[in-house]
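Take a look at the chain below. We will walk through it from confidence to core to surface.

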Amino acid sequence: MSPLGSDLVARARRVVVTQLLVTAVVAAVFFSAELFANGTVNNAGWNALSALYGGLNSVLLALISIRGFKRANEFALSDPKKSLMILYIGAVVRFAAVIVVLGIGLGLLKLEPIAVFVGFALAQASYLMSARDRKAARGPD
């Protein structure tokens, strides 16, 4: 594996761990808020599970992105067009995955919509922030 590839794997691992931590915190907040508001563990557990589902969807998208980035990196120098096509296809797959997985959670499983979206949004924000932090740490190109 090239140094760039190993750096990508290390960064990807950090992003996924950060997303998992954010997801766990969001689920705990939903659990605690419902528990203190109504005193029922059933609703609190359902809200926490809903937030967990939303956050794990974001982690799934990150893993799909990472896989695509790795594949595109392999072809970047030898076949730039193929590399770009891999990235475009990955974007379409991620977009479709969001619709399908959130549709399953909200439509089929009847999870709590606010908790699902908050879990998803905050985990996704942690993904975007970690990508932004890496660019800022490198400095201007």
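What follows is a short tour of a predicted model.

This model is predicted: local features need pLDDT of at least 70, side-chain atom pairs count only at pLDDT 80 or more, and totals for chains, interfaces and linings use all residues. Residues are numbered from 1 along each chain as its sequence is written, and side-chain values use heavy atoms, with hydrogens and water left out.

Start with confidence. pLDDT is the predictor's confidence in each residue, from 0 to 100. The protein chain averages 86, and 89% of the residues score at least 70. Helices here are DSSP runs (H or I, at least four residues), numbered from the N terminus. Confidence is highest in helix H3 (residues 80-108), at a mean of 92, and lowest in helix H4 (residues 113-138), at 81.

Now go inside. A nonpolar core is a set of buried Ala, Val, Leu, Ile, Met, Phe, Trp, Tyr and Cys residues joined through side-chain atoms within 4.5 Å. Buried means under 20% relative accessible area, exposed over 50%, partly exposed in between (1.4 Å probe, protein chains only). The largest core has 6 residues: Val26, Ala27, Phe30, Ala48, Ala51 and Ala115. Helix H1 (3-38) gives the most to this core, with 3 residues. A second, separate core of 5 residues includes Tyr53 and Leu102.

Beyond residues up to four places away in sequence, Asn57 touches Val101, Leu102 and Phe120 (contact means heavy atoms within 4.5 Å).

Finally, compare Met85 in helix H3. Met85 is partly exposed, because its relative accessible area is 47%.

Definitions and conventions: Helices (H or I, at least four residues) and strands (E, at least two) are DSSP runs, numbered from the N terminus.
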